[in-house]
Amino acid sequence: MSRRLVFISLLFVIFAWKAWRTDWIVECRYQYTDTDPPPGVSYGKEFYYPPPSPIWNPPTPVKLSGRSNATWYDWEFFEGGGSWGPIEHPHLHIHWLLLIGKILGVGIPMYLTAYGFAEYCSKIKRA
């Protein structure tokens, strides 16, 4: 088995796996209020990581909570109340950094193992 064939086969398997189990992230800008003297307000981003799901069927708050009126603003996704919490609409997108990390973290060892096995088998054939 050639190195190119091993590489192409593993690419197909890995991309099919990550298409079936895509990593998602929901993020929104968030306001933090400190009421202790001196009172202050700070801003940042908060994240929610839904479970992996297929790229063609992204997670929704309705599917995750089981309630027909659920939104990403709900307490189970982003806490908030009074003068702290989300200050913009949370948005869902693919978590590219985690996706690429998993592809490389799984793909490189798989490639080295498969290529090493292919080389070993070809040496046995020659002997």
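Figure 1. With a relative accessibility of 5%, Lys18 counts as buried (buried is under 20% relative accessible area, exposed over 50%, and partly exposed in between, using a 1.4 Å probe and protein chains only). This is a predicted model, in which local features need pLDDT of at least 70 and side-chain atom pairs count only at pLDDT 80 or more, while totals for chains, interfaces and linings use all residues. Residues are numbered from 1 along each chain as its sequence is written, and side-chain values use heavy atoms, leaving out hydrogens and water. Lys18 forms a salt bridge with Asp23, their closest N and O atoms being 3.0 Å apart (a salt bridge needs a side-chain nitrogen of Lys or Arg within 4 Å of a carboxyl oxygen of Asp or Glu). Asp23 is likewise buried, at 5% relative accessibility. Lys18 also lies over the face of Trp17, at 4.5 Å from the ring centre (for this, NZ of Lys or CZ of Arg must be within 6 Å of the ring centre and within 35 degrees of the ring normal).

**Figure 2. Asp23 and its salt bridge to Lys102.** Here the closest N and O atoms of Lys102 and Asp23 are 3.0 Å apart. The pair links distant parts of the chain, 79 residues apart: Lys102 is in helix α3 (residues 96–126) and Asp23 in the loop between α1 and β1 (24–34) (helices, H or I with at least four residues, and strands, E with at least two, are DSSP runs numbered from the N terminus). Lys102 is partly exposed, with a relative accessible area of 28%.

**Figure 3. The salt bridge of Asp74 and Arg67.** The two side chains meet at 2.4 Å, N to O. Asp74 is buried, at 17% relative accessible area, while Arg67 is partly exposed at 33%.

**Figure 4. Trp20 and Trp56, one of the aromatic pairs.** A search of the whole structure finds 7 aromatic pairs (rings of Phe, Tyr and Trp, the last by its six-membered ring, pair if their centres lie within 6.5 Å; planes under 30 degrees apart are stacked, over 60 edge-to-face and the rest tilted). The ring centres of Trp20 and Trp56 are 5.2 Å apart and their planes are at 65°, so this pair is edge-to-face. Trp20 lies in helix α1 (residues 3–20) and Trp56 in the loop between β2 (40–48) and α2 (61–65), so the pair ties together parts that are 36 residues apart in sequence. Both Trp20 and Trp56 are exposed.

**Figure 5. Tyr48 and Trp72, a tilted pair.** With centres 6.0 Å apart and planes at 50°, the rings of Tyr48 and Trp72 are tilted. Tyr48 belongs to strand β2 and Trp72 to the loop between α2 and β3 (85–86), so parts 24 residues apart in sequence are tied together. Both Tyr48 and Trp72 are buried, and together with Phe77 they form one aromatic cluster.
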